[in-house]
Amino acid sequence: MKPSLRTVFILCLLKIAFLPPYLFASGVPEPSSSVVAVEVPVERKGDGAYWQDPVFRISPRYAKGFSVRYRTSGSGEYALLSVERSWAGAAAAPALYLLLPPDSEVDTDTPEFAGALPVRIPVHSIATLSSTYLHPLVMLGLADAVVAHDAMSSVGDEEILERFDVGKIVEVGNGPGLDIERLLMAAPDIVMTTGASGEWNLVPLLAKGGLTAVLNGDYLEASPLARAEWIKFIALFFGKEQEAKEIFSTIEKRYRETAELTSDLVFSDRPTVLLNNPFGGSWTVPGGESYMARLIKDAGGRYLWDDVPGTGSVSLDLEAVFLRAYDADIWLHQYGWSSLGDVRAADPRFADFRAVRNGAVINNDKARTPGGGNEFYGSGIIRPDLILSDLVAIFHPDLLPDHHFVYYRPLSKEGR
């Protein structure tokens, strides 16, 4: 007698709960060599031909937050790089950067370039005020260009940590805690950060110190591949466009191939997925068009709040979440909890959740930096293919039976 789909699914859940330890081997794959094979770059020309070969031109396919326009004037080449939004509350006006290659003699003091910040490229050094910029730099072979970073506890890349240990990278803080004097001593060609309001807006402070602030809006993208595509944005400043395109192409190919494994699954074969945990009397969940909602869908799951419009998060009443999440098949992302005992201790009602009863409570904190940071929010941004593979192996273990988990781990049974 052929088993029902429900029976098969329950067996899959049990398989998750009792996965052998080796499938959760620690560590993120090295950011070069085995991850992406980059061909020998095409020789880059000067004298008005910096972007002449199409291989050096960037046209984002997924990312909505930045665009590039290439132009040639009588006095040289230039590119206008536009960052449409650099923070969640940003006004309509984009941040503009006038990229000038070595041989360009473009007159920047013209109405055409009003509001654009001139940047002579390629730059040779950078200060990074978010860990999401570091992994792309390492993948591009630019670890030596990093001279300052905001918080070293968020760093997992060995090359960056080694440079910090020997004093080649300084820790400078962020926001109101930014150590502007240390940053000035590091003398980076550019400081990459994100936009913000109030005391977190560093642009005026950096400009006052004579530093060039470049705003990066990668975190505002709703698509996993769109966030990863910001490696091309970073590459623009270093003349590494060809390498970035090849790296992203490999990541994109792996992501799409993995998503294809679940594309034909019918509705009833897709497990329901709960996200996050309560805090301060409410439960915050991302909208149905968000980054995590897309990952869950592509991995063959059904996000419980996929009917909530938008890419932002919403705060829900606990009782409303309990009613919808009681029968959720899988529960992801429990910040601050490490065992099923922690879950039950937080609220006795959780013991009756299906995901808790079946041991399908799984967190995204497997890959940690030496300083305790969560690599899911660091290297994971540039490696959505790895996150997606983890999720497919959780939702449908039979599709990736030999998978080695990178970012996810089931909560242990020990604890209160």
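These are my notes on a predicted model of one protein chain.

**Overall counts.** I began with the chain as a whole. The protein chain has 416 residues, and 52% of them are buried. I found 14 helices and 16 strands in its secondary structure. I then looked up how far apart in sequence the contacting residues lie. Of the contacts between residues at least 6 apart in sequence, 63% join residues at least 24 apart.

**Ala235.** Next I picked a single residue. Ala235 lies in helix H7, which spans residues 230-236. Is Ala235 buried or exposed? Its relative accessibility is 0%, so I put Ala235 down as buried. Leaving out residues up to four places away in sequence, I listed its contacts as Leu140, Lys240, Glu241 and Ala244. I also checked Pro136, which is 99 residues from Ala235 in sequence; the C-alpha to C-alpha distance between the two is 8.6 Å.

**A five-stranded sheet.** I then turned to an open sheet of five strands, in the order S12-S10-S14-S15-S16 and with mixed pairing. Which strands are at the edges? They are S12 (302-303) and S16 (409-410), each of which pairs on one side only. Within the sheet I followed S10 (residues 272-275) and S14 (residues 330-332), which pair in the parallel sense over three bridges. Val273 has Ile330 in S14 as its bridge partner. Last, I looked up what packs on this sheet: helix H14 (residues 384-395) does, touching S10, S14 and strand S15 (361-363). The direction of H14 makes about 155° with that of S14.

Technical notes. Residues numbered from 1 in each chain as written. Predicted model: local features only at pLDDT ≥ 70, side-chain atom pairs only at ≥ 80, totals over all residues. Heavy atoms only, no water. Helix = DSSP H or I, 4+ residues; strand = E, 2+ residues; numbered from the N terminus. Buried < 20%, exposed > 50% of the residue type's maximum accessible area, 1.4 Å probe, protein only. Contact = heavy atoms within 4.5 Å. Pairing = 2+ DSSP bridges. Axes fitted to C-alpha atoms, helices over the stretch in contact; angles between N-to-C directions.
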